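Good morning, and thank you for coming.

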Amino acid sequence: MVIHTTSGVSALICGIVLGQRKDFDKYNGEFPPSNLPLAALGGALLWTAWFGFNAGSALQSGSLAVSTVVATQRSAVTSGVIWLIISWIRHKPSATAVLNGVIAGLAGITPASGYIDPQYGAVLGVILGITSYSSIFLIKHKLRIDDALDVSSVHGITGVVGSIAIGFFGQKSFNEDGRDGLFFGTHSPYLLGVQSMAVVITGLWSGIITIILLKLIDKLVGLKGSFDEEMGLDEEEHGEQAYEWRNSIIGEPLTEQQIQTIVRGSVSHHIQQEQRRLSLVPTTINPSLNRRSNFNQISKLEETL
């Protein structure tokens, strides 16, 4: 609960303080991914590792660890499907949406995974998928806050929902160290009140500390780089580039003369290759006629230049 609520509140405050990135309005806040295959690989690794620290929190291999793994998987899958459906309705089915949906389900189930019946993991996954997607729409499209990685929604909102969900779905029969939530046992609201208070305190603490740290960083080194944003930090600060093809996108558009020069160079290279090939091809039937025909074709290519 602390990890995801803290990161979500901090990310939201950072987004407000730092402001919008260049071209935020152009993409309506939904910037294209830098590298989708790497994102998918990272998401798969994260999904696999999540079982370790959720079930590992039981500190033993037993029924509690097993139920935690099942609840975690159900929430992740269900939330991912919800994101896929909503993105399909709004635009097109998106791999990026599925990845974000899965992570939202993993983050949200984390505080509750060891205290609820695994069958409610799917129910919570539906709630987490809807709330996290709706939160992004609210923060980016309505409030126009540029949270680049959607941490406030995918981690923050889901962390809050998952923490409060313990107050509803918690069952002492699945964890002797826990308590029954509002829907079980004596239907006491005590656990719901404790979880809600914990979320509020954690959010306030994170917000205050984040503001203090941002002020301190701003005084020491500054919060924003004073460089051309199109170049990026890799090029400006480190003299490196992750993707060489960005040069062709960032640079000035080619003139008509430059395009013609490139085309001529390509055709000239092709002619040279053909000349080398023809000089090596043996001709057995009327060789002079074959060479004359081939060189006539080359001459026509040269005329195009």
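This is a predicted model: local features need pLDDT of at least 70, side-chain atom pairs count only at pLDDT 80 or more; totals for chains, interfaces and linings use all residues.

The chain contains 11 helices and zero strands. Read from the N terminus, the order of elements is α-α-α-α-α-α-α-α-α-α-α. The chain has 305 residues, and 32% of them count as buried. Consider next the contacts between residues at least 6 apart in sequence: 68% of these join residues at least 24 apart.

Helix H3 packs against helix H4, which covers residues 95-109, at an angle of about 145 degrees, and their axes are 7 Å apart. The crossing of these two helices is right-handed. On the H3 side, the contact involves Ala71, Thr72, Ser75, Ala76, Ser79, Gly80, Trp83, Leu84 and Ser87. On the H4 side, the residues include Ala97, Val98, Asn100 and Gly101. Sorted by class, the contact of H3 with H4 has 10 nonpolar, eight polar and no charged residues.

Leaving aside residues up to four places away in sequence, Ser87 touches Lys92, Pro93, Ser94, Ala97 and Tyr133.

By class, the contact of H5 with H6 has 12 nonpolar, seven polar and no charged residues.

Ser153 is buried, with a relative accessible area of 1%. Apart from residues up to four places away in sequence, Ser153 touches Ser132, Ser135, Ile136, Ile139, Asp147 and Thr158.

Asp147 in that list takes us out of the helices, for Asp147 lies in the loop between H5 and H6. Asp147 is buried as well, at a relative accessible area of 6%. Which residues does Asp147 touch, not counting those up to four places away in sequence? They are Ala11, Lys140, Ser152 and Ser153. Asp147 and Ala11 are 136 residues apart in sequence, yet their C-alpha atoms are 6.7 Å apart in space.

The loop between H5 and H6 also holds Asp150. Asp150 is buried, with a relative accessible area of 9%. Its backbone angle phi is near 55 degrees, a positive value in a residue other than glycine. To put that in context, most residues other than glycine have a negative phi.

Asn28 also has a phi near 55 degrees, again positive in a residue other than glycine. Asn28 is found in the loop between helix H1, residues 2-18, and H2. Is Asn28 buried or partly exposed? At 32% relative accessibility, Asn28 counts as partly exposed, because that class runs between the 20% and 50% cut-offs.

The loop between H2 and H3 contains Gly56. Gly56 is partly exposed, at 37% relative accessibility. Gly56 and Thr68 are 12 residues apart in sequence, and the distance from C-alpha to C-alpha is 9.1 Å.

I close with the second largest pocket. Rolling a probe the size of a water molecule over the atoms shows where empty space is left. The second largest pocket has a volume of about 250 Å³. It is lined by 13 residues, and those nearest its centre are Asn54, Ser57, Ala58, Gly114 and Tyr115. Which helices each supply at least two residues of the lining? They are H2, residues 36-55, and H3, residues 63-90. By class, the lining of this pocket has five nonpolar, seven polar and one charged residues.

Conventions: Residues are numbered from 1 along each chain as its sequence is written. Side-chain values use heavy atoms; hydrogens and water are left out. Ala, Val, Leu, Ile, Met, Phe, Trp, Tyr, Cys and Pro count as nonpolar, Asp, Glu, Lys and Arg as charged, and the others, Gly among them, as polar. On a 1 Å grid over the protein atoms alone, a cavity is a set of points where a 1.4 Å probe fits but cannot get out, and a pocket is an open set with protein on both sides within 12 Å along at least five of seven lines; lining residues have an atom within 4 Å of a point. Grid points are joined across faces, edges and corners, and a volume is the space filled by probe spheres set on the points. Helices (H or I, at least four residues) and strands (E, at least two) are DSSP runs, numbered from the N terminus. Buried means under 20% relative accessible area, exposed over 50%, partly exposed in between (1.4 Å probe, protein chains only). Contact means heavy atoms within 4.5 Å. Axes are lines fitted to C-alpha atoms, for helices over the stretch in contact, and angles run from 0 to 180 degrees between N-to-C directions. A crossing is left-handed if the near helix is turned anticlockwise from the far one by less than a right angle, and right-handed if clockwise.
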